[in-house]
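This report looks at one helix of the model, its packing against a neighbouring helix, and its surface side.

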Amino acid sequence: MMPKSRTTVSLLLLPLVLWLPCLPHILGQNVVPFEYHDYSQVTQVLREFHQNYSDITHLYSIGQSVQGRELWVIAISDNPTVHEVGEPEVQYVGNIHGNEVIGKELLLHLLEHLAGGYGKNSTISSYLNTTRVHILPAMNPDGLQGSLEGDCYSSIGRENARSYDLNRNFPDKFEVNTQPIQPEAQAIMNWTRSIPFSLSAIFHGGAVVANYPWDNTPLGDCTNCSLPLI
């Protein structure tokens, strides 16, 4: 049987242990949990970061999905609302396929890393003082909401609400795209035209592949391609 003194100490420590997971939020610090976030949770995370780091973040929407969900972007920099001449603009996009969610989670953790490190880490501070980073965690929120957590084999949620593959919905250098441009793809194109991005990356999931602009060919093969070693 546990001594009475030890029992008393345990009971006194129990509330502290129960409150520890909430401590970062009590102190106004964001900690993105290592779990999958649905659209409403992504929205909440972005709003919390903007509220807690309002001096270095700017939350805005570039448009809406087919079903009317906002395509939220959060910009992070020392001057997050303006383009400064000579300062690079970086664009990160996740979840173009709604059921490929790892990129979305990586971008939320990247946001946490940058926001939490600004003013504390010299490398992060220098980076954000000289670069503006735009993060769109979920380009395909309708597909995300239709996907099934734990489903690693089907394509449920991959496409948008009109069953179009957004990754193949953009104009192509060599092939004519006969599909109607979807609202999500059009929003990306308008966004890209409005800001002079120096670097852009769209995250997928399921394989280790890196695709680059114009990496297809007029004939659809690589007979005459010269691929660099990477």
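Leu114 is buried, with a relative accessible area of 5%. That value falls under the 20% limit for buried residues, so the label applies. In this predicted model, Leu114 sits in helix H4. Which residues touch Leu114, leaving aside its neighbours within four places in sequence? They are Ile76, Ile124, Tyr127 and Leu128. Ser125 lies eleven residues from Leu114 along the chain, and their C-alpha atoms are 8.3 Å apart.

Helix H4 covers residues 102–117. Helix H5 covers residues 122–130. Two packed helices are described by the angle between their axes and the distance between the axes. Here the axes of H4 and H5 come within 8 Å. They cross at roughly 100°. The range for roughly perpendicular runs from 65 to 115 degrees, and H4 and H5 are therefore roughly perpendicular to each other. On the H4 side, the meeting residues are His113, Leu114 and Gly117. On the H5 side, they are Ile124, Ser125, Tyr127 and Leu128.

H4 also carries Leu106. Is Leu106 buried or partly exposed? Leu106 is partly exposed, with a relative accessible area of 48%. Together with Tyr36 and Ile102, Leu106 forms a nonpolar patch on the surface. The three residues have about 290 Å² of accessible area together.

| Residue | Relative accessible area | State |
|---|---|---|
| Leu106 | 48% | Leu106 partly exposed |
| Leu114 | 5% | Leu114 buried |

Notes. Residues are numbered from 1 along each chain as its sequence is written. This is a predicted model: local features need pLDDT of at least 70, side-chain atom pairs count only at pLDDT 80 or more; totals for chains, interfaces and linings use all residues. Side-chain values use heavy atoms; hydrogens and water are left out. Patches are made of residues with over 30% relative accessible area and no salt bridge: like charges are joined within 9 Å, nonpolar side chains (Val, Leu, Ile, Met, Phe, Trp, Tyr) within 5 Å. Accessible areas come from the Shrake-Rupley method with a 1.4 Å probe; for residues, only the protein chains shown count as cover. A salt bridge is a side-chain nitrogen of Lys or Arg within 4 Å of a carboxyl oxygen of Asp or Glu. Helices (H or I, at least four residues) and strands (E, at least two) are DSSP runs, numbered from the N terminus. Buried means under 20% relative accessible area, exposed over 50%, partly exposed in between (1.4 Å probe, protein chains only). Axes are lines fitted to C-alpha atoms, for helices over the stretch in contact, and angles run from 0 to 180 degrees between N-to-C directions. Angles under 35 degrees count as roughly parallel, over 145 as roughly antiparallel, 65 to 115 as roughly perpendicular and the rest as oblique. Contact means heavy atoms within 4.5 Å.
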